[in-house]
Amino acid sequence: LQRGLPIVVNDKVGPKDLVDEFRCGVSVSKAADIAQALFSIFSDYETYSQNACRCFNEKLELSAHFDELIQMIDTLGRHPATPDP
C-alpha cells in the first residue's frame, strides 16, 4: 500500500474493512475469485493505486500519528490523578 500497490485480501480475515473503505484493493471469499479481483484492479489500476497510497498515509503510516501519541503521553504527567468519590 505504501508504494501504491493495490492488494487482494481474504474477506474472512485480514484488512477487508480497510480495503473496502479506501477501495485500495479487492476482498475475495475463495481463491477462485482472485483472477476476477485482479481483473477489477487492472481495469482501474490508477485509482486503486492512488487509493492504496492514501490508505497507507491516512491509516498505517506511523509517523503521521506519532506526534499525536507523544502529545497524549505528555499530558499524562501534567494532570494529577483525581481520587474516586
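Biologist: Leaving aside its neighbours within four places in sequence, which residues is Asn51 in contact with?

Modeller: Asn51 is in contact with Phe22, Arg23 and Cys24, where contact means heavy atoms within 4.5 Å. Please note that this is a predicted model, in which local features need pLDDT of at least 70, side-chain atom pairs count only at pLDDT 80 or more, and totals for chains, interfaces and linings use all residues. Residues are numbered from 1 along each chain as its sequence is written, and side-chain values use heavy atoms, with hydrogens and water left out.

Biologist: Is Asn51 buried or exposed, and which helix holds it?

Modeller: Asn51 is buried, at a relative accessible area of 13%; buried means under 20%, exposed over 50% and partly exposed in between, using a 1.4 Å probe and protein chains only. It lies in helix α3, residues 45-60.

Biologist: And Asn57, where is that?

Modeller: Asn57 is also placed in helix α3, but it counts as partly exposed, with 46% relative accessibility. Asn57 and Glu21 are 36 residues apart in sequence, and their C-alpha atoms are 14 Å apart in space.

Biologist: Changing topic: how many aromatic pairs are there?

Modeller: The search of the whole structure gives one aromatic pair. The ring centres of Phe42 and Tyr45 are 6.2 Å apart and the planes are at 25°, so the pair is stacked. Rings of Phe, Tyr and Trp (its six-membered ring) pair if their centres lie within 6.5 Å; planes under 30 degrees apart are stacked, over 60 edge-to-face, and the rest tilted.

Biologist: What is the accessibility of Phe42 and of Tyr45?

Modeller: Phe42 is exposed at 59% relative accessibility, whereas Tyr45 is partly exposed at 33%.

Biologist: What pattern does the chain follow along the sequence?

Modeller: The pattern is β-α-β-α-α-α, with four helices and two strands in the chain. These are DSSP runs, numbered from the N terminus: H or I of at least four residues for helices, E of at least two for strands.

Biologist: Why is the chain described as more spread out than a compact globule?

Modeller: Its radius of gyration is 19 Å, well over the 12 Å that the globule rule gives for 85 residues, so the chain is more spread out than a compact globule. The radius is taken over C-alpha atoms, and the rule is 2.2 Å times the number of residues to the power 0.38. Along its principal axes, the C-alpha trace spans about 60 × 25 × 15 Å. Of the 85 residues, 21% count as buried.
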